[in-house]
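This report walks through the strands, cores, pockets and loop residues of one protein model. The sequence and coordinates come next, followed by the account itself.

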Amino acid sequence: MAENNASEIIAARVHGDIHLNAAKSVKEWQLAKPILFFHDWQGRDLDPAIETEVRVLWSPATIYLRFACRYRELFVFDDSDASGRRDHLWDRDVAEAFLQPDPSRERYYKEFEIAPNGMWIDLDISPGGLADLKSGLTRSVHLDKQRKNWVAEIAIPMKALTANFDPAKVWRVNFYRVEGNAEPRQYLAWQPTRTPEPNFHVPQAFGRLRFSDK
């Protein structure tokens with residue numbers, strides 16, 4: 001499938017809670033038009049063997065993210081907190097979402113990462129640095145080593161993102177992938193940040209997230 005290089009992703013509306021099942025995703029995910037990328041953070045070195053597909057769903061209470069990731073090799077941690085949370089998760093393979101509900105506060109956004117083995121981390125990013133977000137996210141991950149792909153579904157309580165959710169507002173967002181445990185690693189970005197060295201924390205490069213009410 002060809003890449004989708006547009007700078008906007010549409011979140012599809014769902015009514016009620018969605019059951020997370022990465023091994024057999026529920027039909028509601030088909031409501032969301034996917035975005036695809038397999039270029040690096042500078043927008044070059046295309047490699048369809050590590051393509052990432054992202055879909056977004058929403059309800060007033062929850063935002064749902066689904067990553068479908070092809071891979072060449074697999075590098076994961078073998079230890080985490082009992083909850084699956086893992087500091088420095090980005091030092092191994094991950095899919096990432098940076099969500100910015102209020103674009104007027106450019107240096108403030110939320111970071112979510114999920115690994116092929118289900119480990120995760122959520123962070124509150126601000127000019128003062130990063131802090132644990134404690135969002136209360138839930139997730140489901142399925143790894144298919146034969147086909148060399150993995151799928152992750154994440155449900156994030158809307159209250160962890162914004163105190164006053166308005167679906168008419170446009171958020172800023174970017175999605176990323178990292179593969180490898182030692183340099184040179186693969187650093188991929190939906191919206192390229194175009195920094196000299198790999199850097200995902202470039203909010204001015206974020207794309208747009210719109211909420212469809214259909």
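## Loops, strands and pockets

A61 counts as partly exposed because its relative accessibility is 48%, a value that falls between the 20% limit for buried and the 50% limit for exposed residues. The model under discussion is predicted. A61 is placed in the loop between strand 3 and strand 4, and once its neighbours within four places in sequence are set aside, its contacts are I156, P157 and M158. The C-alpha atoms of A61 and A168 are 15 Å apart in space, while 107 residues separate the two in sequence.

Strand 4, which covers residues 62–70, is mostly covered, eight of its nine residues being buried.

Strand 4 also pairs in the antiparallel sense with strand 10, residues 149–157, over nine bridges. Along this pairing, F67 stands opposite A152 in strand 10, and Y64 stands opposite A155 in strand 10. Strand 10 is likewise mostly covered, with eight of its nine residues buried. Strand 10 has a further antiparallel pairing, over seven bridges, with strand 9, residues 138–144, in which V151 of strand 10 is the bridge partner of H142. Strand 9 and strand 10 form a hairpin with four residues between them, and K148 in the turn has a positive phi of about 55°.

The largest nonpolar core has 34 residues, of which I9, V56, I63, F67, I156, F175 and L209 touch the most other members. Leaving out residues up to four places away in sequence, I9 touches I35, V54, V56, V173, F175, W190, R208, L209 and R210. There is also a second, separate core of 17 residues, and W41, I121, Y187 and F206 are among its members.

| Pocket | Volume | Lining residues |
|---|---|---|
| Largest pocket | about 270 Å³ | six nonpolar, three polar, six charged |
| Second largest pocket | about 210 Å³ | eight nonpolar, two polar, four charged |

The largest pocket, with its volume of about 270 Å³, is lined by 15 residues, and those closest to its centre are P101, D102, R105, L161 and T162. Strand 6 (109–114) and strand 7 (120–126) are the elements that give two or more residues to the lining of the largest pocket. Around the second largest pocket there are 14 lining residues, and W90, E96, Y187, F200 and H201 lie nearest its centre. Two or more residues of this second lining come from each of strand 5 (94–100) and strand 6.

D81 lies in the loop between strand 4 and strand 5, and it is classed as partly exposed because its relative accessible area is 43%. D81 and R55 are 26 residues apart in sequence, and the distance between their C-alpha atoms is 28 Å. H88 is found in the loop between strand 4 and strand 5; although H88 is not a glycine, its phi is positive, at about 55°. With a relative accessible area of 44%, H88 is therefore partly exposed.

K134, another residue other than glycine, has a positive phi near 55°, and its place is in the loop between strand 8 (129–132) and strand 9. Its relative accessibility is 71%, so K134 counts as exposed. Finally, the peptide bond from E183 to P184 is cis, with omega near 0°, and P184 lies in the loop between strand 11 (171–179) and strand 12 (186–189).

Conventions. Residues are numbered from 1 along each chain as its sequence is written. This is a predicted model: local features need pLDDT of at least 70, side-chain atom pairs count only at pLDDT 80 or more; totals for chains, interfaces and linings use all residues. Side-chain values use heavy atoms; hydrogens and water are left out. Buried means under 20% relative accessible area, exposed over 50%, partly exposed in between (1.4 Å probe, protein chains only). Two strands pair if DSSP finds at least two bridges between them. A nonpolar core is a set of buried Ala, Val, Leu, Ile, Met, Phe, Trp, Tyr and Cys residues joined through side-chain atoms within 4.5 Å. Contact means heavy atoms within 4.5 Å. On a 1 Å grid over the protein atoms alone, a cavity is a set of points where a 1.4 Å probe fits but cannot get out, and a pocket is an open set with protein on both sides within 12 Å along at least five of seven lines; lining residues have an atom within 4 Å of a point. Grid points are joined across faces, edges and corners, and a volume is the space filled by probe spheres set on the points. Ala, Val, Leu, Ile, Met, Phe, Trp, Tyr, Cys and Pro count as nonpolar, Asp, Glu, Lys and Arg as charged, and the others, Gly among them, as polar.
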